[in-house]
Amino acid sequence: MRRARLAERNLAPGVAELYRLLAGEIAREVAEYGGATLVVDGVRGVEETVAEVERIFAGALDEGPVAAERGPLLRYANRAIVEQYQAYFARPWSRGDARTTVVVFACECGRDGCGADVELAVADFPAAPLLAPGH
């Protein structure tokens, strides 16, 4: 199913191969560290998939990350996005650049229930935590 979805996107062969290799690396690391996996292949409906995710992560969902961990986790996730774009733009065949590519990042305030997003050019990602206006 992943290959079909990538084919639908009409990606350049190098980009499609990068996605394929990245998916393989992620699967390898999840297995290596004993992480839970859920194959989303269209067999289950949305409700069934959500129920399975809730079952797999029931303990973590009940506990939730403590407030002190939320901000750093969001920072880590946002920084990973920046690094992925930077690695892509470093390729000679890539299109676009970090100055003009705008991405939606998660607010890093860490407050419980905050779902605010911040649209920002990749090149403008700050060294300090990224906060939505008013946070």
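Contact here means heavy atoms within 4.5 Å. The model is predicted. Its mean pLDDT is 88, and 93% of the residues reach 70 or more. Confidence is highest in β2, at 97, and lowest in helix α4 (residues 58–63), at a mean of 70.

Arg111 was examined for its surroundings. This residue lies in the loop between β1 and β2. Leaving aside residues up to four places away in sequence, Arg111 touches Arg70 and His135. Arg111 has a relative accessible area of 46% and is therefore partly exposed, since that class runs between 20% and 50%. Arg111 and Val43 are 68 residues apart in sequence. In space, 36 Å separates their C-alpha atoms.

Val104 stands opposite Glu119 in β2. In a regular strand the side chains alternate between the two faces of the sheet. In β1, Val103 and Phe105 form a covered face. Val102, Val104 and Ala106 make up the uncovered one.

Val103 and Phe105 also belong to the largest nonpolar core, which has 12 residues.

The lining consists of 16 residues. Leu18, Tyr19, Leu22, Gln84 and Tyr85 lie nearest the pocket centre. Both α2 (13–32) and α5 supply at least two lining residues each. The most comes from α5, with 8 residues.

A further site was examined in helix α3 (residues 46–56), where Thr49 is found. Thr49 has a relative accessible area of 18%. This value is under 20%, so Thr49 is buried. Thr49 touches Leu38, Val40 and Arg44, again not counting residues up to four places away in sequence. Thr49 is thus buried at 18%, whereas Arg111 is partly exposed at 46%.

Conventions:
Residues numbered from 1 in each chain as written. Predicted model: local features only at pLDDT ≥ 70, side-chain atom pairs only at ≥ 80, totals over all residues. Heavy atoms only, no water. Core = buried A, V, L, I, M, F, W, Y, C linked by side-chain atoms within 4.5 Å. Buried < 20%, exposed > 50% of the residue type's maximum accessible area, 1.4 Å probe, protein only. Helix = DSSP H or I, 4+ residues; strand = E, 2+ residues; numbered from the N terminus. pLDDT = per-residue confidence, 0-100. Pairing = 2+ DSSP bridges. 1 Å grid on protein atoms, 1.4 Å probe; cavity = no way out; pocket = protein on both sides within 12 Å on 5 of 7 lines; lining within 4 Å.
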